[in-house]
Amino acid sequence: MTEKLKQRNQYKSIKNGVFYGIIGFLAAITLISLIVIVGYILINGLSHINWEFLSQEPRRMGKEGGIFSVIIGTIYITIVAMVIATPVGVAAAIYFNEYAKGGKVVSTIRFFTEILAGIPSIIFGLFGFAFFVVFLGMGWSVLSGGLTLSMMVLPTLVRATEESLKTVPMTYREGSLSLGASKWQTIIKVILPCCKSGILTGLILGIGRAVGETAAVMLTVGGSLKLPNTIFDSTRSMAVHLYMLASEGLSREKTYATAALLILMVLLINTAANFISRRLGN
Amino acid sequence: MQIKETIESLEKKFEVRDLNLFYGSFQALKNIDMDIYENKITALIGPSGCGKSTFLRTLNRMNDLINGVKIEGHITFDGKNIYGKDYDLIALRKKVGMVFQKPNPFPKSIYENIVYGPKIHGEKNRDVLDGIVERTLREVALWEEVKDRLHRPATGLSGGQQQRLCIARCLAVEPEVILMDEPTSALDPVATSKIEELLNTLSDKYTIVIVTHNMQQAGRVSDFTSFFLSGKVIESDKTEKIFSNPANKKTEDYITGRFG
């Protein structure tokens, strides 16, 4: 009897060990592949990032010079996209969570919002091209791209805001309303301040997607290497520039330098976001 | 006869007539008739689920927040039906404040919690706001404890202090009535007795309606008591009368602890 029990225990601990090994191995693959990719890009790219690269405009299609106008273009497009998407997304989340509790209309809208999140970006690009660029006559411009990207990041923003609205206790709403506050005052002065870090998280996720987007931007912003002056000018984002450099084989150095800078930018945004959201949380 | 005459001389703040309330198909309040007198403390007692909290929340229309609530009958406040079509809900809630079961200060500073109400009603003058903060905190006997940390988060206070802060926040909009939904049930005995002392001093200026689970508390603090059972008011009278000589057998059974 005890022999059997011992055997069973032994078998159990072997099984345990095997599973532990497999899980650990799979986790290691995730981590290692990430390190290898990021490391490879950084090793190849960092050494070519210098002041000249950052401050000069591209020459000869990007073969020489820097990527100053491209960096500015990227920031420009992202800002325009977020400026459009944030109020719309936050308002939609407030509507879903505070006003239209439940109901068929809301669940239908939510269903489509979720579908929106899964649509390939090239489809957004095609729509943006057909609608903003051609139909509305905005041409290839920061505005067309910003509008297209704002639709892409909307689901993320709505979801993140809604999740954080849900964590605000009902008692805060009751407390505010019982003092004679209107629903609107309650939302603006009590509920939204509680959601700062949640909304910010959504924003950062959105910015991450906007900064890295290639296909949709290429179709709506175009590929001009000139520094954009207004939102009606065409420009080029870093991701598009990277695609051009790589696919045309213009310059290996500049390609990796651009890629490395893109990674650093995303890292920087995420770190800043973490920092700010921790600050807001306290 | 003596008691009856004194009751009749009192000013009625609320008159509740034929009040029925449904949550969907469930009837939570049945034909409630009740008078609530000015500057008196009215206690609502009864076992869990008897409808006393629901009733309390009809007085400032807090039940409006819940989906599927249907209300019949009427409640007049200073002579006007608060469920009437044109009744100004915001004005009602400004005059009828509420303190909740669990202290619910906003995640803001002590100062910001108190000036929240006055600010939304349009008060901007810094000196006036400062005055309100000191006055209300003194009224709830919290001033000495917190005057050096008015701009620190309210969530750092103890439970009892938080509840007194919530009362101060409620007083800051200068209500005429304060509704209290088991305000001491989440507090320890020391904090509870402080709140009870506070109720006594507040009743000079305010009409108070308090829901309580604690019968001794009802006996200690209130002038009038209403006993609720399964959505009905079984008996309403002066507190001494209810506790010494209840008219109804069920009331007697409840206050002597035979059920509930």
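**Walking through the model**

Mentor: Let's start in chain A: A:T161 sits in helix α6 (residues 142-166) of chain A; helices (H or I, at least four residues) and strands (E, at least two) are DSSP runs, numbered from the N terminus. Keep in mind that this is a predicted model, where local features need pLDDT of at least 70 and side-chain atom pairs count only at pLDDT 80 or more, while totals for chains, interfaces and linings use all residues. Residues are numbered from 1 along each chain as its sequence is written, chains are lettered from A and ligands numbered from 1 in the order in which they are written, and side-chain values use heavy atoms, with hydrogens and water left out.

Trainee: Is A:T161 buried or exposed?

Mentor: A:T161 counts as buried because its relative accessibility is 0%. Buried means under 20% relative accessible area, exposed over 50%, partly exposed in between (1.4 Å probe, protein chains only).

Trainee: And what is A:T161 in contact with?

Mentor: Setting aside neighbours within four places in sequence, A:T161 is in contact with A:V90, A:A93 and A:I199. Contact means heavy atoms within 4.5 Å.

Trainee: OK, switching to the interface. How many residues does the contact take from chain A and from chain B?

Mentor: The contact takes 18 residues from chain A and 23 residues from chain B. Between them the chains bury about 1700 Å², 64% of it on carbon and sulfur atoms. That's the accessible area (1.4 Å probe) that two parts lose on being put together, summed over both.

Trainee: Which residues in chain A lose the most area to chain B?

Mentor: Those are A:E174, A:S178 and A:L179, together 37% of what that side buries.

Trainee: How many salt bridges are there between chain A and chain B?

Mentor: The count is 1 salt bridge, meaning a side-chain nitrogen of Lys or Arg within 4 Å of a carboxyl oxygen of Asp or Glu. B:R57 forms a salt bridge with A:E174, and the closest N and O atoms are 2.8 Å apart.

Trainee: Which helix gives the largest share of the side of chain A that touches chain B?

Mentor: That's α7(A), with 8 residues.

Trainee: New topic: what about β8 in chain B?

Mentor: Strand β8 (residues 207-211) of chain B has 5 of its 5 residues buried, so it is largely enclosed by the rest of the structure. Both faces are covered, with B:T207, B:V209 and B:V211 buried on one side and B:I208 and B:I210 buried on the other.

Trainee: Which strands pair with β8(B)?

Mentor: Strand β3 (residues 41-45) of chain B runs parallel to β8(B), joined by 4 bridges, and there B:A43 has B:I210 as its bridge partner. Strand β7 (residues 177-181) of chain B also pairs with β8(B) in the parallel sense, over 5 bridges, with B:L179 opposite B:V209. Two strands pair if DSSP finds at least two bridges between them.

Trainee: Last one: what does B:Q161 touch?

Mentor: B:Q161 is in helix α7 (residues 159-171) of chain B. Not counting residues up to four places away in sequence, B:Q161 touches B:L142, B:E145 and B:R149. The side chains of B:Q161 and B:E145 are joined by a polar contact of 2.8 Å. A polar contact is a pair of N or O atoms within 3.5 Å; within protein, one must be able to donate a hydrogen and the other to accept it, and residues adjacent in sequence count only if both atoms are side-chain atoms.
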